[in-house]
Amino acid sequence: MIKKLTDSVRYIGCDDADLDLFESQFEVPNGMAYNSYMISDEKICILDTVDKRAADTWMNNVKEALGDNKPDYLVISHMEPDHTGSIKALAEMFPDMKIVGNAKTFAFYDQFFSYDISDRKMVVKEGDTLTLGERTLTFTMAPMVHWPEVMMSYLSGDGVFFSADAFGKFGTLDTDEDWACEARRYYFNIVGKYGAQVQSVLKKLDTMDVRMICPLHGPILSENLGYYIDKYRVWSSFEPEDKGIFIAYASIHGNTAAAAFQLKELLESNGAVKVAITDLARDDIAEAVEDAFRYDRMVLACSTYNMGIFPPMERFLNQLKAKDYQKRTVALMENGTWAPAAAKLMKAQLEGMKNITVLDTVVSIKSSLKGETPDTMVKLSNELLK
C-alpha cells in the first residue's frame, strides 16, 4: 500500500492480515500493520523496513514509490525484527545507500545480521540532523521505549513525528475499530513498564510543532493529536484512565466464577457505573492486563490449587508485576474446599508492587455460595464503592 501523507512523505508499509500472535504471545485477530515511510526531497530517505513475513510486498512498494530514483538513506528507528526484516534486501539492491542509526542501533545490528554495512553507517545521537534538501530530519533518542536503541525523528516543514513503536496499536490499517482499545492493549503489554521513559519523550514532543504522528504500527495520526498524546500522558503516569471496577477470576470448576458474577451483580445493583469482568483461564491475558491498568479498582477472585494460587491467576499476577502495576485499590476473593489459601498468597504478591491498597475485607468461600450472598461480600461491595 502506498499513500501520500504530505507533499514529501509517503506511506510504503504493508499489512499482515494472517498473523495470529504478535511477538508470539499477543493475539491479533485483526492482524498487524508494519509501517514504513519514504521522504522525497533533494535526497530520498526511507524510514524503517518491515518484518520478513511481508518483505516481498514491501519491496514492491519501495520500487513503485521510487520509480527511477534511488534512496540516499535508510533510517533505522528500532532494531526489533518486525521492523528490520528487509534491511539486507534493500541494502543489497542499493549499495550506495547510507544507513542511519545510533551507536546502539549498530551494536544490535551486528547481533542480528552478518551482512557487512560498516562502510555505509551514519551514526547519529540526540539532536543530530540530516538535511534532505528543503527539509531536515532531527533525531531524538527514546531509550527503553521499548528497546534501548529506539530513535525517533522529526521532519521540519511538514511537522511529521516518526514515533517508532510509540502511538502504535494492534490490527491492520484497514481494520475499522476504535483506536483506544487496541492501542491501550498494545501500550500496557509492550511499552507500559517504561512509563518514566515515555514521559521523557512526551516532554520532547511538547517542544515540537507536530502536525502528524507516524508510528511503526497502526494508523497514521493526523487529527485531534491532543487526544492521543493525552492518552499517553495518563497511561505513562500509571494513573487510572477510568473510574471502574475490574473483576479478574480464575475458577477451576465454575464456583469461583459464579461468585465473581454474583459480586458483579451486587456492585451494579448498588450503583457501580462500570464493572468489567474476565475469565483468566480462557480470555486474552493481554486484555486482562489492559483492563487492570484502565480502571482504578480491581477484584481478584481465585480458587486455591495445590495449596497455592490457581495457575491462570498466578500468571496474571506475574504479568502485572512485570508491567509495574501500581496506584490501584485491590480486593480479594478466594475459594477452597478444605483449606482456602489463595487470598493470603495473592496479597503477598501484591505487596511486592508499588502503591497498591489491598482492602482488609476478604470473601472466603468454601466450595460454593449456593446462591447465598455472604455478609463479607456485601461489606466488600460497600468498601469498593466508597
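Start by selecting helix 5 and helix 7: Trp179, Ala180, Ala183, Arg184, Tyr187 and Phe188 in helix 5 meet Tyr227, Tyr228, Lys231, Tyr232, Trp235 and Ser236 in helix 7. Contact here means heavy atoms within 4.5 Å, and helices (H or I, at least four residues) and strands (E, at least two) are DSSP runs numbered from the N terminus. By class, this contact has nine nonpolar, one polar and two charged residues; Ala, Val, Leu, Ile, Met, Phe, Trp, Tyr, Cys and Pro count as nonpolar, Asp, Glu, Lys and Arg as charged, and the others, Gly among them, as polar.

The model is predicted: local features need pLDDT of at least 70 and side-chain atom pairs count only at pLDDT 80 or more, while totals for chains, interfaces and linings use all residues. Residues are numbered from 1 along each chain as its sequence is written, and side-chain values use heavy atoms, with hydrogens and water left out.

Now show the axes of the two helices. Axes are lines fitted to C-alpha atoms, for helices over the stretch in contact, with angles from 0 to 180 degrees between N-to-C directions.

Next, select Phe167, Leu300, Met313 and Phe316. These are the residues with the most contacts inside the largest nonpolar core, which has 94 residues. The largest share of this core, eight residues, comes from helix 5. Such a core is a set of buried Ala, Val, Leu, Ile, Met, Phe, Trp, Tyr and Cys residues joined through side-chain atoms within 4.5 Å, where buried means under 20% relative accessible area (1.4 Å probe, protein chains only).

Then move to the open sheet of five strands, ordered 12-13-14-15-16 with mixed pairing. Strand 12 (129–131) and strand 16 (212–214) stand at the edges with a single partner strand each, so one side of each has no neighbour in the sheet. From one strand to the next, the twist averages 20°. Zoom in on strand 15 (residues 160–162), which pairs with strand 16 in the parallel sense over three bridges; strands pair if DSSP finds at least two bridges between them. Here Phe161 has Ile213 as its bridge partner in strand 16.

Finally, zoom out: the protein has twelve helices and 22 strands, and 57% of its 386 residues count as buried.

Terms used:
Buried < 20%, exposed > 50% of the residue type's maximum accessible area, 1.4 Å probe, protein only.
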